[in-house]
Amino acid sequence: MGGETIIPPTFTSEEEYSVDQDFSLPSLSSLNPTLLRDYLRMKAEDGKNESDRLFLEEFDKMGPQSSSPDFEAYHKRRQKVYKEVLQSYDQLRVRSMSLNEAKYKVLSYFPGIWIENVGGKKFSDYDVPKTTSLLLIGPKGCGKSSLVNKISRVFEDDNFAPERAQISYNPSVGDGTYYLQGYMIPRGSASFCLYDSRGLADGTSENINVIQNWMNNGVRHGEPVIRKSDDSSLRRRMKFKPRELGWKFCRPRMVNFVIFVVDAVSVLKSIEGHGVEDLLCLQMINEVFKHPCLSFKDDKPVVVITHGDLLSIADRVRARVYLGELLGIPPAKQIFDIPENHDPVTELTIVDMLRYSLEHADRNLPYKNWVMENVRKVPLFSWLCVLAMLLGFASGMACMRYLHMRHPRKSEFKIVWHTIRHIW
């Protein structure tokens, strides 16, 4: 959900780890997968859902068993990935000294600045929006709204400014964000906008229908996110609030890139097989993330894991590596760990995530429609002349029709009475 759910700290607090420190590196095939495999195999045997069977096959393929001849190479590769992710934390600490420089590059951003001029294309050949739109999606309670507040705080000098996005502390009260909410970053800017959305539903198909509508038709600030599974009272309350109807007059913005938000604690619980609910959430994340509608050409969404402050560094690394292998993206470069901390390292992670998203948004901007562009290039005076000619032609035709109706032509058929008289 857009609103964040605060989870009690049931795991160990954050610990400092060196990249040279050795600790056991679990493979996905040894992370207590029995519960997940048994559950998925039971659903796959029912034959009701093809995605269950595919997910089971994918899970079984994620890592070879210890008896496999490729196990040693696989284990070494995973060690390399773990070390790379661990090193990314140390690199952030070093780079945090240049935080202001990194922030300046994002603050000076305008749509299209990172367009790559390849294939003979120029800036003018792309359909560049006035504002780049980044859509945040993720399960209920993953912390999307809190992420909006953290991002906004990074680029504002006012430490006493109120939080912009409403967050939820009690999931039993409601689902949090029910409406698409747009937030310009920073305030008053027109460079890029974050769109907070309602949390994903349990059913994958329902999520895909909503997301496809956003990706095809654009997003509008204040638009209610209504699902078929919502009860009738909730749907009526969301749909007919007089004060909420202003979204219909907002101009839709096309989504330029997607930020997928995931709760790190939930991921870790699913790794350790703590319950079916977390495993089902992981399955839903996998199916939604890999749907083609979320990708821009070959670029998949960027992933943000939240609530890492409730875990140790080792567990945060495990969560990133696990998600990287499950979703098929590099965990050190495309999965960003943004905990509930206020420090230079966290701020730099936010800046790096935004730069990644904005660069890939610019890289995937569509080309202009050359027909429409040629139409736009015709001078206004020429269009006025053409319009005047069309109006003159239409006026002439109307006058001719009027005269024709007022003075109808005489019939050419004539009766010769003199001839008829002689015949008789």
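**View 1. Arg363 and its salt-bridge partner Asp299 in the predicted model.** In this predicted model, Arg363 counts as partly exposed, at 38% relative accessibility. Arg363 forms a salt bridge with Asp299, and their closest N and O atoms are 3.8 Å apart. The pair links distant parts of the chain, 64 residues apart: Arg363 belongs to helix α12 (residues 344-363), whereas Asp299 is in the loop between α9 (276-289) and β5. Asp299 has a relative accessible area of 13%. Because buried means under 20% relative accessible area, Asp299 is classed as buried.

View 2. Arg355 and Glu359 both lie in helix α12, where 4 residues, about one turn of the helix, separate them. The two residues form a salt bridge in which the closest N and O atoms are 2.7 Å apart. Arg355 is partly exposed, with a relative accessible area of 27%. Glu359 also counts as partly exposed, at 24% relative accessibility.

View 3. Arg77 forms a salt bridge with Glu325, with 3.7 Å between the closest N and O atoms. Arg77 lies in helix α3 (residues 71-95) and Glu325 in helix α10 (residues 313-327), so this pair ties together parts of the chain that are 248 residues apart in sequence. Arg77 has a relative accessible area of 42% and is partly exposed. Glu325, with a relative accessible area of 22%, is likewise partly exposed. Arg78 joins Arg77 and Glu325 in a network of salt bridges. The structure as a whole holds 12 salt bridges.

**View 4. The pairing of β5 with strands β4 and β6.** Strand β4 (residues 257-263) runs parallel to β5 and is joined to it by 5 bridges. Asp263 has Thr306 of β5 as its bridge partner. Strand β6 (residues 335-337) also pairs with β5 in the parallel sense, over 3 bridges. Here the bridge partner of Val304 is Phe336 in β6.

View 5. Phe110, Ile113 and Phe123 make a nonpolar surface patch of about 270 Å². Ile113 is found in the loop between α4 (99-107) and β1 (132-137). Ile113 is partly exposed, with a relative accessible area of 34%.

**View 6. The protein chain as the setting of the close-ups.** The protein chain has 15 helices and 6 strands. It consists of 424 residues, of which 46% count as buried. Among contacts between residues at least 6 apart in sequence, 78% join residues at least 24 apart. The accessible surface of the protein chain comes to about 23900 Å², and 56% of this area belongs to carbon and sulfur atoms.

Terms used: Residues are numbered from 1 along each chain as its sequence is written. This is a predicted model: local features need pLDDT of at least 70, side-chain atom pairs count only at pLDDT 80 or more; totals for chains, interfaces and linings use all residues. Side-chain values use heavy atoms; hydrogens and water are left out. Two strands pair if DSSP finds at least two bridges between them. Helices (H or I, at least four residues) and strands (E, at least two) are DSSP runs, numbered from the N terminus. Buried means under 20% relative accessible area, exposed over 50%, partly exposed in between (1.4 Å probe, protein chains only). Contact means heavy atoms within 4.5 Å. Accessible areas come from the Shrake-Rupley method with a 1.4 Å probe; for residues, only the protein chains shown count as cover. Patches are made of residues with over 30% relative accessible area and no salt bridge: like charges are joined within 9 Å, nonpolar side chains (Val, Leu, Ile, Met, Phe, Trp, Tyr) within 5 Å. A salt bridge is a side-chain nitrogen of Lys or Arg within 4 Å of a carboxyl oxygen of Asp or Glu.
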